[in-house]
Structures are given as C-alpha cells and as structure tokens.
Amino acid sequence: MKKFKEIIVIILSLTMLIMVTACGKEESTTTSNISANELADAMQKEFNSTTEFLTLTENTFSSYYDVDLNNIEEYKVLVSSAFTAEEIAVFKVKDSGKTSDIETNLTTRKNKILDTFKDYNNEQYEIANKNTKIFTKGNYVILLTGSEEQVSNATKKADELLK
C-alpha cells in the first residue's frame with residue numbers, strides 16, 4: 001500500500017510538471033512582412049483626423065529626426081500640416097539590436113515636439129506631453145502623437161497588423 005501511494009505521488013508530480021511546462025508563456029515575435037509605409041497608412045486611418053498629413057522626404061527628414069538611416073530598412077513619417085502635435089512615425093529596423101537606439105532618437109523627437117509647442121500652443125503641448133507613445137514591436141519602432149483616442153486606436157491597429 002505504501003509503495004502504491006509513492007507511485008501515485010510520482011505520477012501526479014510528473015503530470016503536474018508536464019502541465020506546467022506545456023502551459024508556459026510563449027515568447028511572441030513579429031512575423032509580419034508589412035511595410036513601414038503600409039503600417040503608417042493603416043495607423044493614419046485609425047487617427048480619423050481632419051488634419052492633413054505630410055510625408056517627410058529624405059530632404060526634410062533630418063530636420064525632424066536624428067536617426068541613422070543606415071540602421072533603418074525602411075521608414076515613413078507623417079507630420080501634421082496644420083501645426084498640430086499629431087505625428088506618426090514608423091521605422092523598420094534592420095537589426096533588432098538597434099531598436100533601443102531608435103527609441104532613444106524618438107524620445108529626442110518627442111522633446112522637440114514639446115519644445116515647439118511649449119510657448120506657442122498650450123493645448124498641443126499638453127496633447128504631446130500626455131499622448132505621445134513610443135513602442136517597439138519586433139523590428140518596428142513607432143512614435144504616435146495625437147489625442148488619447150487616436151493613439152489608442154493606432155496602437156491597436158499596429159498590434160493587429162504586427163502579430
């Protein structure tokens with residue numbers, strides 16, 4: 001009888017061990033092949049904004065961002081043409097080891113946005129201060145600035161597309 005109990009305990013222990021290992025959280029990675037252009041456009045639609053956006057070109061990019069483009073596979077940056085804080089920036093990084101560097105660059109950009117509106121337009125300053133989100137999904141580093149609803153909707157769209 002004692003041996004039978006030991007066998008039951010061993011079987012139950014092994015069963016629990018298998019269940020715990022089988023239910024472990026799986027590390028998610030971005031497997032999407034969406035382009036930075038497509039992702040930025042999809043997030044712009046989620047902004048549902050009356051503001052017209054301008055796409056930064058190679059000629060105007062360096063006036064806004066201090067990002068080493070040698071680390072970037074592709075990018076798209078949309079800035080408001082109506083002098084509001086609304087902005088969407090998507091960078092597809094070549095090497096995932098460089099994403100934190102790009103996040104640092106985007107934090108610098110956020111500070112530039114804040115400086116722009118600090119003494120000029122308090123409403124836009126508050127929007128940028130409270131509602132700028134910088135995040136990484138796989139090899140994509142994203143900056144969103146807009147109303148709370150705009151940033152939330154665009155983030156959900158990015159999460160959906162970068163599964």
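Contact here means heavy atoms within 4.5 Å. The structure is a predicted model, in which local features need pLDDT of at least 70, side-chain atom pairs count only at pLDDT 80 or more, and totals for chains, interfaces and linings use all residues. Residues are numbered from 1 along each chain as its sequence is written, and side-chain values use heavy atoms, with hydrogens and water left out.

The chain holds 6 helices and 5 strands. Both kinds of element are DSSP runs, numbered from the N terminus: helices are H or I runs of at least four residues, and strands are E runs of at least two. Along the sequence the elements follow the pattern α-α-β-α-β-β-α-α-β-β-α. Of the 163 residues, 37% count as buried. Buried means under 20% relative accessible area, exposed means over 50%, and partly exposed lies in between (1.4 Å probe, protein chains only). The chain exposes about 10200 Å², and carbon and sulfur atoms supply 49% of this area. Accessible areas come from the Shrake-Rupley method with a 1.4 Å probe; for residues, only the protein chains shown count as cover. Among contacts with a separation of 6 or more, 61% join residues 24 or more positions apart.

The 5 strands form an open sheet in the order β1-β2-β3-β5-β4, with antiparallel pairing. The edges are β1 (53–55) and β4 (132–137), each of which pairs on one side only. Neighbouring strands are turned by 15° against each other on average, direction ignored. Two strands pair if DSSP finds at least two bridges between them. Strands of a sheet pair through backbone hydrogen bonds, either parallel or antiparallel.

Strand β2 (residues 72–80) contains Lys-76. β2 runs antiparallel to β3 (residues 87–93), and 7 bridges join the two. The bridge partner of Lys-76 in β3 is Val-90. Lys-76 counts as buried because its relative accessibility is 10%. Its side chain makes a polar contact of 2.8 Å with the side chain of Asn-37. A polar contact is a pair of N or O atoms within 3.5 Å; within protein, one must be able to donate a hydrogen and the other to accept it, and residues adjacent in sequence count only if both atoms are side-chain atoms. Not counting residues up to four places away in sequence, Lys-76 touches Ala-36, Asn-37, Ala-40, Asp-41, Thr-55, Ile-88, Ala-89 and Val-90.

Val-90 stands opposite Ile-142 in β5. β5 is mostly covered, with 6 of its 6 residues buried. In a regular strand the side chains alternate between the two faces of the sheet. Tyr-140, Ile-142 and Leu-144 point one way from β5, while Val-141, Leu-143 and Thr-145 point the other way. β5 also pairs with β4 in the antiparallel sense, over 6 bridges. Here Lys-137 stands opposite Tyr-140. β4 and β5 form a hairpin with 2 residues between them, and Gly-138 in the turn has a positive phi of about 65°.

Helix α4 lies across β2, β3, β4 and β5 (140–145), at about 15° to β5. Axes are lines fitted to C-alpha atoms, for helices over the stretch in contact, and angles run from 0 to 180 degrees between N-to-C directions. Thr-107 lies in α4 (residues 99–118). At a relative accessible area of 38%, Thr-107 is partly exposed. Its C-alpha is 7.5 Å from that of Ile-134, 27 residues away in sequence.

Helices α2 (residues 36–47) and α6 (residues 148–161) pack at about 145°, with axes 8 Å apart. The α2 residues in this contact are Leu-39, Ala-42, Met-43, Glu-46 and Phe-47. From α6 come Gln-150, Asn-153, Ala-154, Lys-157, Ala-158 and Leu-161.

Ser-49 is in the loop between α2 and β1. Ser-49 is partly exposed, at 24% relative accessibility. Leaving aside neighbours within four places in sequence, Ser-49 is in contact with Glu-86 and Gln-150. Gln-150 is also one of the α6 residues in the contact with α2. The C-alpha atoms of Ser-49 and Gly-146 are separated by 9.4 Å, although the two residues are 97 apart along the chain.
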